[in-house]
Amino acid sequence: MADPTSLAERAGGLADDAGRLARELEAMAHQLSFQASTVGTAPVGGPSLVYELTIFVLAVFVGYHVVWRVTPALHSPLMSVTNAISSVIIVGALIAAGPAAFGFAKFIGFVAVALAAVNIFGGFIVTQRMLQMFQRRK
């Protein structure tokens, strides 16, 4: 069984890695936005689709590497964090789904709300089952 101190050190290392990856992603996003504004590829009123897809792919890449490097002992705290992140996703998705005119953003916002709600609900079920494992039987 792993020592709690070593688990805490490992978690700290993973948090540092995640922070470094987030800073790199932010730097790439700034560089892409600068390039898009100087080249003139972005349409008036917002960033280009290529820019948005690039951010999405980079976020998926960072998320994959952060989540799959977590030790099994840290999966419960990670589940709590993903539930918190999903609640933030729901707020953003509701804002995206909010405009009166139906469009691509409204559809994607609805899909994001549905998927985040499933993630939160599933996370609470898993957490509840894990807590029941530690209760004494009567």
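Okay, let's start with the pocket: H2 is the element that gives the most to the lining of the largest pocket, 11 residues of it. Keep in mind that what you see on the screen is a predicted model.

How big is the volume of that largest pocket? It comes out at about 1,300 Å³. There are 33 residues lining the largest pocket, and the ones closest to its centre are Phe56, Ala59, Val60, Ile85 and Ile89. Besides helix H2, which is 49-68, the elements putting two or more residues into that lining are H1, helix H3, which is 75-97, and H4.

Of the chain's 138 residues, 16% count as buried. The chain exposes about 10,500 Å², and 72% of that is supplied by carbon and sulfur atoms. On contacts: if you take the ones with a separation of 6 or more, 57% are between residues 24 or more positions apart.

Rolling a probe the size of a water molecule over the atoms shows where empty space is left. How many cavities of 30 Å³ or more does the structure hold? There is 1, and the largest cavity has a volume of about 50 Å³. Its lining is Leu14, Asp17, Ala18, Leu21, His65, Val66 and Arg69. H1 and H2 each supply at least two residues of that lining, with H1 giving the largest share, 4 residues.

Side chains of opposite charge can pair when their charged atoms come close. The salt bridge count here is 1. Which side chains meet in it? Those of arginine 20 and glutamate 24, at 3.1 Å, N to O. Both of them sit in helix H1, residues 4-39, and they are 4 residues apart, about one turn of the helix. So, buried or exposed?

Next, the surface. There's a nonpolar patch of about 500 Å², made by Phe102, Phe104, Phe107 and Ile108. I'll pick out one of those, phenylalanine 104. You'll find phenylalanine 104 in helix H4, residues 104-133. Why does phenylalanine 104 count as exposed? Because its relative accessibility is 65%, and the cut-off for exposed is over 50%.

Last stop, back on H2, the helix I opened with. Valine 50 lies in helix H2, and valine 50 also counts as exposed, because its relative accessibility is 62%. How far apart are valine 50 and leucine 32? In sequence, 18 residues; in space, 9.9 Å, going C-alpha to C-alpha.

Technical notes
Residues are numbered from 1 along each chain as its sequence is written. This is a predicted model: local features need pLDDT of at least 70, side-chain atom pairs count only at pLDDT 80 or more; totals for chains, interfaces and linings use all residues. Side-chain values use heavy atoms; hydrogens and water are left out. Patches are made of residues with over 30% relative accessible area and no salt bridge: like charges are joined within 9 Å, nonpolar side chains (Val, Leu, Ile, Met, Phe, Trp, Tyr) within 5 Å. Accessible areas come from the Shrake-Rupley method with a 1.4 Å probe; for residues, only the protein chains shown count as cover. A salt bridge is a side-chain nitrogen of Lys or Arg within 4 Å of a carboxyl oxygen of Asp or Glu. Buried means under 20% relative accessible area, exposed over 50%, partly exposed in between (1.4 Å probe, protein chains only). Contact means heavy atoms within 4.5 Å. On a 1 Å grid over the protein atoms alone, a cavity is a set of points where a 1.4 Å probe fits but cannot get out, and a pocket is an open set with protein on both sides within 12 Å along at least five of seven lines; lining residues have an atom within 4 Å of a point. Grid points are joined across faces, edges and corners, and a volume is the space filled by probe spheres set on the points.
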